[in-house]
Amino acid sequence: MVRVTHPSRITRTLLAAAGLAALAACGADTPNPAAEATRAAVPAPVEKKPVDGLPGMPPVLDPEDVYAADRPGKLSPVVKDFPSRIYVPNTGSDTVSVIDPTTYETIDTIPVGRQPQHVVPSWDLKTLWVNNNRGHTLTPIDPRTGKAGKPVQVHDPYNLYFTPNGRYAVVMASLDRELVFRDPHTMKVKKTVPVGCYGVNHADFSLDGRYFIVSCEFSGELLKVDTEKMEVVAQQKLPFEGAMPQDVKVSPDGKRFYVADMTAHGMWVLDGDRFTEPTLLPTGKGCHGLYISRDSREMYISNRGEGTVSVFDFTRNRLTKKWRLPDGGSPDMGGVSADGKVLWLSGRYDAEVYALDTRTGTQLARIPVGSGPHGLAVYPQPGRYSLGHTGVFR
């Protein structure tokens, strides 16, 4: 509450007199030392230095917040008329469940290829790609109609990303041990990059888009990849026996990367520019998915092995809350609603989806779906373009 104190009659008289004196002095050449000192004491606004981004990449809106385009309801004209839906790939059922978030009901079930892992928004926001990992195809879904198109042959598409300039799709070929750069529309191969680790699965890009950090689940390693050259430029083993790194997210200011780890039960934190040895921040058993709040202040962390969600505050640089799902569960991958009020997560081992209030952590719904739900996509979401996965927007 702001308290306003009204001046007394004497004070008003003195203020009026002072005002007249000031007006009289306005036309004079006599310098006013007090006024000059006041002006000198006010610091000039600091201009934010523009980011020298990857050639062809849309300019960074705010050098201090890579997620500045993701504010509540800030939908691109491309998606503003798309119906709001939750698309859930069921790895054990070879289907995608489609949920209406206003009724919390499944309104459609779409047959797709074998073992769908993630539903991925395309860079131009016009298509949702279902990654049929063992079916070796991508199934396109038109988010305007909810209808699936003809599958595209792509080998071992465990996960899918797009370079920030929209020039390439990047297939995380987990078992093939490859990063495959493809045409983002036709999916024709442009360059195949063999990697010296096993289980490439998740990634995120630097503030300037010039490199990205990749997690290697089965060998417990991280890669640093030059985006423009399409080359691995650094590699390191995580300092934990049996590490299983999962989701990757960059901090709003671009200074740190966070990597979820299922067996270390927490997030690895490292300087991406220098690719330093990371430090571990424990969050909970089976730490798996990382999702940014619409105001860029917090990150929601799904702990799949204990049925909880931890909340990390970027400003305080610490965990501030932990929400526990009633009756347990296995919260996995997901996303935040367009208005920022609901966190949607798949229940990997429980054939269900959870909807949580982002203010309180209260469970709003628990929805049955197919077997083995994994990388669900909340769509549409705010942002100018998609970097892939279940919806990483800039």
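Arg274 is exposed, with a relative accessibility of 65%. Its partner in a salt bridge is Asp271, and the closest N and O atoms of the two are 3.1 Å apart. The model is predicted. Counts for the model come to 15 salt bridges and 12 aromatic pairs. The largest nonpolar core has 27 residues, and a second, separate core has 23 residues.

**Salt bridges**

- The side chains of Arg304 and Asp332 meet in a salt bridge, at 2.5 Å from N to O.
- Arg304 is in the loop between strand 22 and strand 23 (308–313), while Asp332 is in strand 25 (residues 331–336); the pair links distant parts of the chain, 28 residues apart.
- Arg304 and Asp332 are both buried.
- A network of salt bridges links Arg304, Asp332 and Arg348.
- Another salt bridge joins Arg366 and Glu352, whose closest N and O atoms are 3.1 Å apart.
- This pair also links distant parts of the chain, with Arg366 in strand 28 (residues 363–368) and Glu352 in strand 27 (residues 352–357), 14 residues apart.
- Arg366 has 26% relative accessibility and so counts as partly exposed, whereas Glu352 is buried, with a relative accessible area of 12%.

**Aromatic pairs and clusters**

- The total is 12 aromatic pairs. One of them is Tyr104 with Trp344: the ring centres are 5.9 Å apart and the planes are at 40°, so the pair is tilted.
- Tyr104 lies in the loop between strand 2 (95–100) and strand 3 (105–111), and Trp344 lies in strand 26 (residues 342–347), so this pair ties together parts that are 240 residues apart in sequence.
- Tyr104 is partly exposed, at 28% relative accessibility, but Trp344 is buried, with a relative accessible area of 2%.
- Tyr211 and Phe257 also form a tilted pair, because their planes are at 40°; their ring centres are 5.9 Å apart.
- Tyr211 is in strand 14 (residues 211–216) and Phe257 is in strand 18 (residues 257–261), so the pair ties together parts that are 46 residues apart in sequence.
- Tyr211 is buried at 8% relative accessibility, and Phe257 is buried at 0%.
- One aromatic cluster is formed by Phe82, Tyr379 and Phe393.

**Charges over rings**

- Lys224 lies over the face of Tyr211, at 4.3 Å from the ring centre.
- Arg177 lies over the face of Tyr198, at 4.4 Å from the ring centre.

**Nonpolar cores**

- Within the largest nonpolar core, of 27 residues, those with the most contacts inside it are Phe257, Tyr258, Met267, Leu290, Met299, Ile301 and Phe312.
- The elements giving two or more residues to this core are strand 14, strand 17 (245–250), strand 18, strand 19 (266–270), strand 21 (287–292) and strand 22 (298–303).
- Leaving aside neighbours within four places in sequence, Met299 is in contact with Lys249, Tyr258, Met267, Leu290, Tyr291, Ile292, Ser310, Val311, Phe312 and Phe314.
- The second, separate core has 23 residues, including Val195, Cys197, Val225 and Leu387.

**Surroundings of Trp268**

- Trp268 lies in strand 19 and is buried, with a relative accessible area of 3%.
- Not counting residues up to four places away in sequence, Trp268 touches Leu238, Pro239, Phe240, Phe257, Tyr258, Val259, Asp261, Pro278, Thr279 and Leu280.
- From C-alpha to C-alpha, Trp268 and Phe257 are 7.9 Å apart in space, and in sequence they are 11 residues apart.
- The side chain of Trp268 makes a polar contact with the side chain of Asp261, at 2.8 Å.

Notes: Residues numbered from 1 in each chain as written. Predicted model: local features only at pLDDT ≥ 70, side-chain atom pairs only at ≥ 80, totals over all residues. Heavy atoms only, no water. Phe/Tyr/Trp six-rings, centres within 6.5 Å; stacked < 30°, edge-to-face > 60°. Helix = DSSP H or I, 4+ residues; strand = E, 2+ residues; numbered from the N terminus. Buried < 20%, exposed > 50% of the residue type's maximum accessible area, 1.4 Å probe, protein only. Lys NZ or Arg CZ within 6 Å of the ring centre and 35° of its normal. Core = buried A, V, L, I, M, F, W, Y, C linked by side-chain atoms within 4.5 Å. Contact = heavy atoms within 4.5 Å. Polar contact = N/O pair within 3.5 Å; in protein donor to acceptor, adjacent residues only side chain to side chain. Salt bridge = Lys/Arg side-chain N within 4 Å of Asp/Glu carboxyl O.
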